[in-house]
Amino acid sequence: MSLDYMRPLVMKAPANASVGVTSAEAVAADTNRRFIYIRNTSTGTQRISVGFGKTAVVDDGVTLQPNEWVAFDLMTGCPTSAVNAKSSAASGLLAIQEGT
């Protein structure tokens with residue numbers, strides 16, 4: 001059994017990703033990722049959907065309303081694949097925090 005969850009997290013610098021109406025990579029894959037926090041910081045009514053290792057489709061899978069967030073860690077199953085995002089309207093914005 002791995003005790004990887006007992007190591008302290010090393011947090012990366014916070015990042016932002018602009019999200020448009022076409023699915024695009026918002027966060028690169030990282031096989032060392034042990035934590036990720038994603039928040040929809042859009043100032044309008046943009047819903048942002050994310051796809052882990054696959055194309056994002058609006059209102060499919062994890063969909064964040066403005067100011068909603070989702071977080072994953074080793075205990076909940078942290079995705080290490082690329083995170084793709086797609087917004088329901090132009091000018092969506094995500095805030096991202098990752099840890100390894």
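Asp 59, at 48% relative accessibility, counts as partly exposed, a class lying between buried (under 20% relative accessible area) and exposed (over 50%), with a 1.4 Å probe and protein chains only. Its partner is Arg 47, and the two side chains meet in a salt bridge at 2.8 Å, N to O; the term denotes a side-chain nitrogen of Lys or Arg within 4 Å of a carboxyl oxygen of Asp or Glu. Arg 47 sits in the loop between E3 and strand E4 (48-52), and Asp 59 in the loop between E4 and strand E5 (62-64), 12 residues apart. Strands (E, at least two residues) are DSSP runs, numbered from the N terminus. Arg 47 is also partly exposed, with a relative accessible area of 26%.

The model is predicted, with local features needing pLDDT of at least 70 and side-chain atom pairs counted only at pLDDT 80 or more, while totals for chains, interfaces and linings use all residues. Residues are numbered from 1 along each chain as its sequence is written, and side-chain values use heavy atoms, leaving out hydrogens and water.

The search of the whole structure finds 4 salt bridges. Turning to Glu 98, its side chain meets that of Lys 12 in a salt bridge of 3.9 Å, N to O. This pair links distant parts of the chain, 86 residues apart: Glu 98 in strand E8 (residues 92-99) and Lys 12 in the segment before strand E1 (15-19). Glu 98 is buried at 11%, whereas Lys 12 is partly exposed at 33%.

Glu 98 also forms a salt bridge with Arg 33, their closest N and O atoms being 2.7 Å apart. Arg 33 is buried, at 2% relative accessibility. Together with Asp 30, the residues Lys 12, Arg 33 and Glu 98 are linked in a network of salt bridges.

Note on methods: Helices (H or I, at least four residues) and strands (E, at least two) are DSSP runs, numbered from the N terminus.
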